[in-house]
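User: I would like to learn how to read the main features of a protein model. Please take them one at a time, with the general idea before the case.

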Amino acid sequence: MIDTLTFIKCLAEPTRLNAMLLLAEEGELCVCELTEALAESQPKVSRHLAQLRQCGLLLDSRDGQWVFYRLHPELPAWAKGMLGEAAAGANPALAEAKAVLGAMANRPGKRCC
């Protein structure tokens, strides 16, 4: 079980916070989708996703060449609530990431590739 301080520390970096908020909204995303949406390099996004996984906030799964991430199903209700509140706040970078993700063609998460 994750405690509040660890949860907040894990989300203290903008890339990790925005990745978590995108995953909370989308349910599951591939590393390539997150890389595109967050406009960051694949190594940077993968490093942050690994940190979130180590914190116990994410789970990953592999489907061929794709690695998909999703929120840990045992994430406490208070943590999900905090993500919901954070998503409702003003966050121009998150709004841009959502727009990029929405416009992305041939998304692996949509199982079209």
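Predicted model: local features only at pLDDT ≥ 70, side-chain atom pairs only at ≥ 80, totals over all residues.

User: How many helices and strands are in the protein chain, and what pattern does the protein chain follow along the sequence?

Analyst: The protein chain holds 6 helices and 3 strands. In sequence order the pattern is α-α-β-α-α-β-β-α-α.

User: What radius of gyration would a compact globule with 113 residues have, and what does the protein chain have?

Analyst: A compact globule with 113 residues would have a radius of gyration near 13 Å, and the protein chain agrees because its own value is 13 Å. Along the principal axes, the C-alpha atoms fill a box of roughly 40 × 30 × 25 Å. Of the 113 residues, 39% are buried. Among contacts with a separation of 6 or more, 62% are between residues 24 or more positions apart. The accessible surface comes to about 6100 Å², and carbon and sulfur atoms account for 54% of that area.

User: Now a single helix. Which residues of H4 are buried, and what do they pack against?

Analyst: First the general idea: an α-helix has 3.6 residues a turn, so residues three or four places apart point the same way. Helix H4 covers residues 42–54, and its 13 residues reach 18 Å from first C-alpha to last, close to the 18 Å expected at 1.5 Å a residue. Its buried residues are Val45, His48, Leu49, Ala50 and Leu52. They pack against helices H1 (4–10), H2 (14–26) and H3 (31–38), and against strands E2 (58–63) and E3 (66–71). Just after H4, Gly56 has a positive phi of about 85°.

User: Is Thr35 buried or exposed, and which residues does Thr35 touch beyond four places in sequence?

Analyst: Thr35 sits in helix H3. Its relative accessible area is 16%, so Thr35 counts as buried, the cut-off being under 20%. Leaving out residues up to four places away in sequence, Thr35 touches Glu40, Ser41, Gln42 and Val45. Val45 is also one of the buried residues of H4.

User: Which residue forms a salt bridge with Glu33, and are the two buried or exposed?

Analyst: Glu33 forms a salt bridge with Arg107, the closest N and O atoms being 2.7 Å apart. Because Glu33 lies in helix H3 and Arg107 in the segment after H6, the pair ties together parts 74 residues apart in sequence. Both residues are buried. Glu26, Glu33 and Arg107 are linked in a network of salt bridges. Another salt bridge joins Glu40 and Lys44, with a closest N and O distance of 3.4 Å. Glu40 is partly exposed at 27%, as is Lys44 at 25%.

User: Last, the surface. Which residues make the nonpolar patch?

Analyst: Ile8, Trp78 and Met82 make a nonpolar surface patch of about 250 Å². Met82 is in helix H5 (residues 77–88) and counts as partly exposed, with 33% relative accessibility.

Methods: Residues numbered from 1 in each chain as written. Heavy atoms only, no water. Helix = DSSP H or I, 4+ residues; strand = E, 2+ residues; numbered from the N terminus. Expected span 1.5 Å × (residues − 1). Buried < 20%, exposed > 50% of the residue type's maximum accessible area, 1.4 Å probe, protein only. Contact = heavy atoms within 4.5 Å. Patch = residues over 30% accessible without salt bridge, like charges linked within 9 Å, V, L, I, M, F, W, Y side chains within 5 Å. Areas by Shrake-Rupley, 256 points an atom, 1.4 Å probe, with all protein chains shown as cover. Salt bridge = Lys/Arg side-chain N within 4 Å of Asp/Glu carboxyl O. Rg over C-alpha atoms; globule rule 2.2 N^0.38 Å.
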